[in-house]
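I wanted to know where the open space lies and what sits around the ligand. These are my notes, entry by entry.

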Amino acid sequence: MEAAGAVVVVTGAGVSAESGVPTFRGAGGLWRSFRAEDLATPGAFGRDPRLVWEWYDWRRQGLATARPNAAHDALARLERAHAGSFLLVTQNVDGLHAAAGSRKLVEVHGSIWQVRCTACGRERYERAVPLATLPPTCPACGGLERPGVVWFGEALPAVALEAAFGAARACELMLVVGTSAVVYPIAYLPRVARENGARVIEVNPEETPLTPLADESIRGRAAEVLPSLLGF
Ligand code: BJW
Ligand code: ZN
């Protein structure tokens, strides 16, 4: 790890599992109890914004007391200790990497704490749980607000996406932690890194579609593996 120049870390829901945050796929995952098509698409929001907001409000309530775990902490320390360039690309919307102190961070699927007006585009950071009114409305124009997350079929934020792919092309080491590696375009990042000569290391208790492509797969939980792997 010390020898590596540019480092990129890609994280998914598994990194927050030990903070008590449910993952999406696998045992206990959100998609075992809820249908993504009913809750995490623009069509679902168009049909029933209140239902979608009730689900996000419920998740916000669960996240309000969640704290970063040893994996988030180890990645924040890695950023501070690493002399070369560094980028943490997270698919997570929970805000726990920032809470742990990560700053060179792109949240490519947005943030559950961000709320965006569907009429005027105004964004605001809203930590209140539960929300006072569902669905919430824009303080500026009274329009319907939506969660500031990226749903299926929606483009990822362009600036964040360019930063992620640029860093993936240029890195020498990519660490992929706690993601099922099935959601695109982020699932392309390890391929891009590998094709450009980077070493790719996966940390996940389960095998994923990335496993055959990775240089190394470390089977274990992020909060146990990362502190010892990174030396923090
Ligand atoms: C542990 C652990 C522990 C457990 N320690 N690990 C190319 C091919 C095929 C399909 C597509 C394609 N390109 C696009 C698509 C369609 C689609 C897609 O990928 N579909 C596939 C699922 C088939 N992609 C999109 O629609 C994306 N948009 C797009 O491409 O737009 C194109 C476009 C361009 C221009 C204009 C318009 C459109 C958007 C994807 C958005 C994903 N959104 C969600 C919801 C976010 C909001 C919310 O939270 O509600 O993002 S879905 C959900 O999946 C969430 C996650 O960020 C994402 C990834 O999941 P993640 O993080 O990997 O979690 P899990 O649960 O899957 O895995 C957890 C892992 O942790 C497991 O492996 C465990 O083993 C492990 N684990 N405990 C370490 N302790
Ligand atoms: Zn507005």
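I count a polar contact as a pair of N or O atoms within 3.5 Å; within protein, one must be able to donate a hydrogen and the other to accept it, and residues adjacent in sequence count only if both atoms are side-chain atoms. I work on a predicted model, where local features need pLDDT of at least 70, side-chain atom pairs count only at pLDDT 80 or more, and totals for chains, interfaces and linings use all residues. Residues are numbered from 1 along each chain as its sequence is written, chains are lettered from A and ligands numbered from 1 in the order in which they are written, and side-chain values use heavy atoms, with hydrogens and water left out.

**Ligand 1**

I looked up polar contacts. A backbone N or O atom of A222 is 2.9 Å from a nitrogen atom of ligand 1. For oxygen atoms of the ligand, I found a polar backbone atom of A13 at 2.8 Å and a polar side-chain atom of H109 at 2.7 Å. On its own, ligand 1 has 1,500 Å² of accessible area, and the protein covers 75% of it (Shrake-Rupley method, 1.4 Å probe). I then listed the 35 residues around the ligand (a heavy atom within 4 Å). R25, Y56, R59, T179 and S180 come nearest.

**Largest pocket**

My pocket is an open set of points on a 1 Å grid over the protein atoms alone, where a 1.4 Å probe fits, with protein on both sides within 12 Å along at least five of seven lines; lining residues have an atom within 4 Å of a point. The volume, the space filled by probe spheres set on the points, is about 1,200 Å³ for the largest pocket. It has 50 lining residues, with A13, G14, T23, F24 and R25 closest to its centre. Helices here are DSSP runs of H or I, at least four residues, and strands are runs of E, at least two. α4 gives the most to this lining, with 5 residues.

**Second largest pocket**

I get about 370 Å³ here. Of its 26 lining residues, E107, G110, S111, Q114 and G148 are closest to the centre. α6 (96-100), β4 (110-117), β5 (123-125) and β6 (145-149) each give two or more residues to the lining. β4 gives the most, with 5. Domains 1 and 2 both contribute to this lining, so the second largest pocket lies between them.

How values were computed:
Domains from an automatic or database assignment.
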